[in-house]
Amino acid sequence: MERRSFLLLSGVLVGMVTIPPSLYFVSPGIKRYAARLIEKELSYLKLDKAGVSNYIKDYFKNGSNNVMANVKWKVLYYSRSDSNNSNNINDLLRYYLLSTDFFLNQMDVSKPVNYIGIFDPYKSPIANPYSYILLPKIGVNNWP
Amino acid sequence: MKNDKYDLIVVGTGFASSFFLQKYLAKSKGNKKILVLERGYFYSHAEKLKVRRGESAPDVKYEPKWDSLVENFNPRKDWHFTTGYGGSSNCWWGCTPRFMPSDFKMQSLFGVAQDWPISYDDIEPYYDEAEEIMQISGPDATPFPKKGKYPLPAHKFTKVDEILNKKYGNQYISQPTARASRATANRNACMASSTCGTCPVDAKFSIENSGMTVYQNPQVEIVYGAQVYKLETLDGVARKVCYVKDDKDFSVEGDVIALGANPFFNTNILLNSGDTNKFTGKGFGEQLGIQVLIYLDNLSNAGGSTWVNANGYMLYDGKHRKDYAACLIEVNNAPFIRFEKDKWLNIASFRLVFEDLPEDKNYITTSANKLKPAVHYEGRSDYAEKAFANAKKQLPEILSCLPVERLKYLDPFPNEGHIIGGTRMSANAETGVVDKHLVHHKYRNVFVLGAGSFTTYSAANPSLTLSALSLFAADKMF
């Protein structure tokens, strides 16, 4: 089953924010390219490298080696795909930020971004960043 | 069972059954024998939370997957529901807008489908009552007629909501919802976790946390694990309810029977009973849901206090319904995120929910297994598909008060979590299955409750309306 189909079924794209067990086959190469994709798009943040690595490990948990999947992530990286044109990359980055202290720190780019555990509303104290509990109505921008 | 014969036998413990019993008990004189047959078991919210957290909980066996309970002939279409105590109150997401008055008059206003045999005014008082029981949070101004305030205050708007509300007034409102805006006696306040099926903080109304005591009433006896599949009938009267429990067949006699299972199982029971109404099982379906992401320039959408923060009615009512469907906009706080610097939360998420029409190509039948309905769903109507095409044309203008960078449409959802129709309400047996009081046109001692009775679907979520209909039916008939 395609990962996106799985996400739809599990309700993530409906609004649910549970991380499903990964369906990817994982090799060290996949993890390397996945980490590079995060670092490339979020290069303006002070990412905790060990945290990115731990996140990747948790995100792809239960995987095993597979040459084609490895090639896929390598192609995503070298084809200049990004979160706007790849649902795989978008999911990877989205859950990364949700799994860090970035929103808890009010999106302060001067602070290091630390991984604090895979995002799970049933286990994590991190609220949905859109919730008033975490961020005020106007958020970072002061539009009139 | 304590008795061989009961005054009332109720099938199921979801919204339809519970609200029906609530009114029935309020009107009875305290000396009734009532049997409730529930195909599932009591599986508490606390136990469900353990499972969601990855802990072992033996009760997880009480949560069968929906597709193991029916024969689904269209693998591309999902029909999510839960069985067990509380029925789909355990998996709904708590959206409770009322229907619009026009939803009951589709034929006379728009020349489409059929009119309901009841009007909005007929059930308006029961909307109030259902909203009180559910402790709904909602705004003062609504697009549908409403006397008085909602029991709980409205949820908090985001800046995006404020701008749209300022432009559209009561056509853009804080969503009326069973996700509590304040803690109540039995529920916590919503934290906008956007994971509402099993609410992490128990803020959403369910039968379990409702404070309704219908199943604890001494007149009521409940049997779990009882899978009802047939009524024994004689001369147009249902005499007995037949069910399987622990692989054994049972039957029990009742004066009045209320079928409060979902439309798949209610239909299965009727067809297995020999119901020959040509509409039984016909024209079931649900709304079409499509998500559009609105990328905003220099405007954050943070600060809402629940999952669906608002409802937009800008594409709902009007002459267009002669040609294409109403659309209810659900403005939700699903955590879609942008990754450009300083734009992380500059994105609003609209779910466009289009009504659909009952069509004969979508139908429910029995299967070789008497306990399993067969679900045949071919697809949406052109009426709904055309409405989506229209929405894509109109949205840029509707959103012109916002600094929109671009719109991104996602693929249609495989389900809206609703099952509507199959035992439609009508003035007579030639045009539908049940009358305006949800009594079967042929079996006059059988109520067929729930969203299966809807004559047409509306674009609005069904649970509040089907609950109000149960109150209405029990109030008028007892």
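A salt bridge is a side-chain nitrogen of Lys or Arg within 4 Å of a carboxyl oxygen of Asp or Glu, and across the interface of chain B and chain A that rule finds 0 of them. This is a predicted model, in which local features need pLDDT of at least 70 and side-chain atom pairs count only at pLDDT 80 or more, while totals for chains, interfaces and linings use all residues. Residues are numbered from 1 along each chain as its sequence is written, chains are lettered from A in the order in which they are written, and side-chain values use heavy atoms, with hydrogens and water left out.

Stay at the interface and select the residues in contact (heavy atoms within 4.5 Å): 52 residues of chain B meet 42 of chain A. The two chains bury about 4200 Å² between them, 63% of it on carbon and sulfur atoms, where buried area is the accessible area (1.4 Å probe) that two parts lose on being put together, summed over both. Next, pick Pro335(B), Phe339(B) and Trp344(B), which supply 19% of the area that chain B buries against chain A, more than any other three residues.

Now move to the largest nonpolar core, of 97 residues, a set of buried (under 20% relative accessible area, 1.4 Å probe, protein chains only) Ala, Val, Leu, Ile, Met, Phe, Trp, Tyr and Cys residues joined through side-chain atoms within 4.5 Å. Phe205(B) is one of the members that touch the most others; leaving aside neighbours within four places in sequence, its contacts include Phe15(B), Trp92(B) and Arg187(B). Finally, select Ile30(A), Phe60(A) and Leu410(B), which are among the 41 residues of another core lying apart from that one.

Methods
Buried means under 20% relative accessible area, exposed over 50%, partly exposed in between (1.4 Å probe, protein chains only).
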